[in-house]
Structures are given as structure tokens and as C-alpha cells.
Amino acid sequence: MNIVTLHAANPGPMTGSGNWTYLVPGPRPLLVDAGVGHASHLDELFAATPAGLADVVVTHAHADHISGAPALHRRAPAARFRKVPWPEADAGYDVPWEALADGQVLETGEGPLTVVHTPGHAPDHVVLWHEASRTAFTGDLLVRGSTVVIPASRGGVLADYLRSLRRLAALAPRRALPAHGPVIDDPLAVIDLYLAHRRDRERQVLEALDGGPATVTAIVARLYLDLQPALVAMAEESVLAHLLMLEGEARVARDGATWRLAR
Ligand SMILES: [Zn+2]
């Protein structure tokens, strides 16, 4: 599969070394993720596709994936901007969004890409699946060398995320092209690691509550030793995501901000 990898030029505390976007060139050029509208990203992109863009697919409405959409729209007014709707998030980016749905097929010069709705990290998250090469454009579903944050207070749902991981695994991908970090040539191994990590974390959360009711902050202090202050909020989101999943399974309950085992 012929793909042009383009860096969005947006390194920072939340994006690591920054985002990758992927251009599928050919007669119907399709861009996966919009970046942030950085001039060097736009210049590199339109040098690679002088005839413009047919489609821009945004994997989900987090700023590092979507905020470049208006700048792309100005440079490529004929391009169609597509994503699974998340209205309150999408409204911040003024382009004519077209709704993607699970199972929809997008034609490219490299053959069809199938939309796989993979909520969890964000409610609107999609993977694009290229069956011929068993390649998945995985957005923020997978990152090599790190786990993925489930922002539980902003649309993240851990149970959905685990279902999405299993759904990707069932496709038996050979290669995953993530929005952050290096290409993943063993996606099934990464998914297995993630599922094992979540099981460990769940056990730790339950053990923490076994000692008595606790707040999210107290559980984080117990589970994450030597946590840098900048990462506390992310750890709290992760613990909250676990608690909400366990609450859905009637294994924990809460009284105000205090969580306890449900017995
Ligand atoms: Zn994201």
C-alpha cells in the first residue's frame, strides 16, 4: 500500500513528539487526520498531492487530530470532511462535516478503506481498515510503548475501548499506523499487552478499595508511585474510567466522590 506519512509538526506535553497524518495518494487522495494546521504540514501535504484532496477523514475530535480541518478546508475547498459525528466537539471546527458510519467504504487509489467505529478513547473514534494489506489506520487506539488515556470525564468509556480493541484484533491486522509514535508491525501483541495491563489495573483498583472506601485522588496516590504532577490528571481519568466500568458491572458503588466495593 502506497502511503505518504506526514508529521503535523505539533510536539507537546499531550502529543509527545507530535501527530502523524497519512496521505493515501492517487486519483482520489485521502488524508487520515487533519493535524493542527501548521504551515509546514500543509506545505508538505500539498507538495505530495498537488491536485488537492478528495477526502479528509478525522479519526476523532481531539484537537491534535481535528483542529487543522479549517486550514485544510481553505486550501482544498473541494475536499469532503468526514467523521463519525460528536456534535458538541465537531461544532468547534467550521467545515462542512459529513457523517461517517460503521461499515462505510471509502474508495481510494489504493483500494477500499472500511470505516470501523471504535469508541472508547473518544465516542467518535474510527479506525480505517485496508483489507488488501491488512493495514489499520488506528488513530489513538494503539500507541507503541505506552497505554492510551481514556478521558472518562470527557467522553472516554473504558468498556467501549476494550470492545474496540477486541474488534480490531478480530480483523487480524498485520500493521497498524497510529497517530502517535512508530508504526506497529505486531498489533495483536500490543492489543494483548493492553488487555493484560487493564486487567492488572482493575485488580489494583479493587485491591485499593478492599482497604476501605476511597476517592479517585486517594486511589491514584496509592497506585501510581512517584507520579509527576503533570500526569496526575491523566492518572485520575484512568482510575475513574476503571471505576465507571466496575460500577456498570455492579462491582463498585459510590457515595458522592467516595468509591467502595459493592457487596
Ligand atoms: Zn485522542
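**A walk around helix 5 and beyond**

Visitor: Let's start with helix 5. Which residues of helix 5 are buried?

Guide: Keep in mind that this is a predicted model. A residue counts as buried when its relative accessible area is under 20%. In helix 5, the ones that qualify are L158, Y161, L162, S164, L165 and L168.

Visitor: What covers the buried residues of helix 5?

Guide: Both strands and helices take part in the cover. From the strands, it includes strand 9 (126-130) and strand 10 (135-139). From the helices, it includes helix 6 (187-210) and helix 8.

Visitor: How far apart should the ends of helix 5 be, given 1.5 Å a residue?

Guide: Helix 5 has 13 residues, and the expected span is 1.5 Å times one less than that number. The end C-alpha atoms are 18 Å apart in the model, in agreement with the expectation. So the span it should have is 18 Å.

Visitor: Is helix 5 roughly parallel or roughly perpendicular to helix 8?

Guide: Two packed helices are described by the angle and the distance between their axes. Here the axes of helix 5 (residues 158-170) and helix 8 (residues 232-248) come within 8 Å and cross at roughly 90 degrees. An angle of 65 to 115 degrees is the range that applies, so helix 5 and helix 8 are roughly perpendicular.

Visitor: And by class, how many residues in that contact of helix 5 with helix 8 are nonpolar?

Guide: Helix 5 brings L158, A159 and L162 to the contact, and helix 8 brings A241, H242 and M245. Sorted by class, there are no charged residues and 1 polar one. The nonpolar count is 5.

Visitor: Over to helix 1. Which elements cover the buried residues of helix 1?

Guide: The buried residues of helix 1 (residues 39-48) are H41, L42, L45 and F46. They cover an arc of only 115 degrees around the axis, so they sit on the same side of helix 1. Their cover includes strand 1 (4-7), strand 2 (20-24), strand 3 (30-32) and helix 3 (69-75).

Visitor: Now the loops. Is D33 buried or exposed?

Guide: D33 lies in the loop between strand 3 and helix 1. Most residues other than glycine have a negative phi, yet the phi of D33 is positive, near 80 degrees. Its relative accessibility is 2%, and with the cut-off at under 20%, D33 counts as buried.

Visitor: What about A9: what is its phi?

Guide: A9 is found in the loop between strand 1 and strand 2. With a relative accessible area of 24%, A9 is partly exposed. Its phi is a positive value in a residue other than glycine, near 60 degrees.

Visitor: Which residues does T118 touch, not counting residues up to four places away in sequence?

Guide: T118 lies in the loop between strand 8 (113-117) and strand 9. Its relative accessible area is 1%, so T118 is buried. The residues it touches are H125, V126, V127, L141 and S164.

Visitor: Where along the chain is I3, and what separates the C-alpha atoms of I3 and Y22?

Guide: I3 sits in the segment before strand 1 and is buried, with a relative accessible area of 19%. Its contacts beyond four places in sequence are Y22, L23, P25, F137, R175 and L177. I3 and Y22 are 19 residues apart along the chain, and their C-alpha atoms are separated by 6.5 Å.

Visitor: Last one: which residues does H180 touch, leaving out those up to four places away?

Guide: H180 is in the loop between strand 11 (175-178) and helix 6. At a relative accessible area of 11%, H180 is buried. The residues that H180 touches are T15, G18, N19, W20, D64, H65, D140 and V143.

Note on methods. Residues are numbered from 1 along each chain as its sequence is written. This is a predicted model: local features need pLDDT of at least 70, side-chain atom pairs count only at pLDDT 80 or more; totals for chains, interfaces and linings use all residues. Side-chain values use heavy atoms; hydrogens and water are left out. Axes are lines fitted to C-alpha atoms, for helices over the stretch in contact, and angles run from 0 to 180 degrees between N-to-C directions. Helices (H or I, at least four residues) and strands (E, at least two) are DSSP runs, numbered from the N terminus. Angles under 35 degrees count as roughly parallel, over 145 as roughly antiparallel, 65 to 115 as roughly perpendicular and the rest as oblique. Contact means heavy atoms within 4.5 Å. Ala, Val, Leu, Ile, Met, Phe, Trp, Tyr, Cys and Pro count as nonpolar, Asp, Glu, Lys and Arg as charged, and the others, Gly among them, as polar. Buried means under 20% relative accessible area, exposed over 50%, partly exposed in between (1.4 Å probe, protein chains only). The arc is that of the directions from the helix axis to the C-beta atoms.
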